[in-house]
Amino acid sequence: MTTNTPYSLRCTLTFGDIYAQVLAWMAVIFVSLAAGLGLMGSSRPLFALVGVGLILVLSLPFLLFAFVTTLLNHISLEPKEASQS
């Protein structure tokens with residue numbers, strides 16, 4: 001016979017766990033914007049917009065993967081203590 005043990009969901013994620021990921025994402029944004037501004041002076045400014053968009057679109061899946069895996073690593077299911085009545 002199995003007993004239904006209630007579980008509590010616990011998340012221990014703090015800002016310090018994702019701080020480096022936020023800084024890396026900001027660095028990607030600033031580098032892509034700097035590259036876009038550098039290419040704006042060229043004869044074809046459309047390349048600048050395409051370059052910035054391409055960098056942001058290609059880096060977004062990696063950022064989401066890092067955030068989601070970090071979050072999942074900090075979620076735990078713990079059995080609740082049985083109340084003694």
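Reader: How far apart do the end C-alpha atoms of residues 46-68 lie, and what share of the span is helix?

Author: Helices are DSSP runs of H or I of at least four residues, strands are runs of E of at least two, and both are numbered from the N terminus. In this predicted model, the end C-alpha atoms of residues 46-68 lie 33 Å apart, and the span is 100% helix and 0% strand. Residues 18-39 are likewise 100% helix and 0% strand, with end C-alpha atoms 32 Å apart. An unreviewed UniProt entry lists 18-39 and 46-68 under "transmembrane region"; such annotations, given in the numbering used here with shortened feature names, may be inferred rather than shown by experiment.

Reader: What conventions apply to the numbering and to the local features?

Author: Residues are numbered from 1 along each chain as its sequence is written, and side-chain values use heavy atoms, with hydrogens and water left out. Local features need pLDDT of at least 70 and side-chain atom pairs count only at pLDDT 80 or more, whereas totals for chains, interfaces and linings use all residues.

Reader: In what order do the elements of the chain run?

Author: From the N terminus on, the order is β-α-α-β, that is, two helices and two strands.

Reader: Which residues form a salt bridge?

Author: Side chains of opposite charge can pair when their charged atoms come close. The criterion is a side-chain nitrogen of Lys or Arg within 4 Å of a carboxyl oxygen of Asp or Glu. Here R10 pairs with E78, the closest N and O atoms being 3.8 Å apart. This pair links distant parts of the chain, with R10 in strand β1 and E78 in strand β2, 68 residues apart. A search of the whole structure finds one salt bridge.

Reader: Do R10 and E78 count as buried, partly exposed or exposed, and why?

Author: Buried means under 20% relative accessible area, exposed over 50%, and partly exposed in between (1.4 Å probe, protein chains only). R10 counts as partly exposed because its relative accessibility is 45%; E78 counts as partly exposed because its value is 32%. Of the 85 residues of the chain, 11% count as buried.
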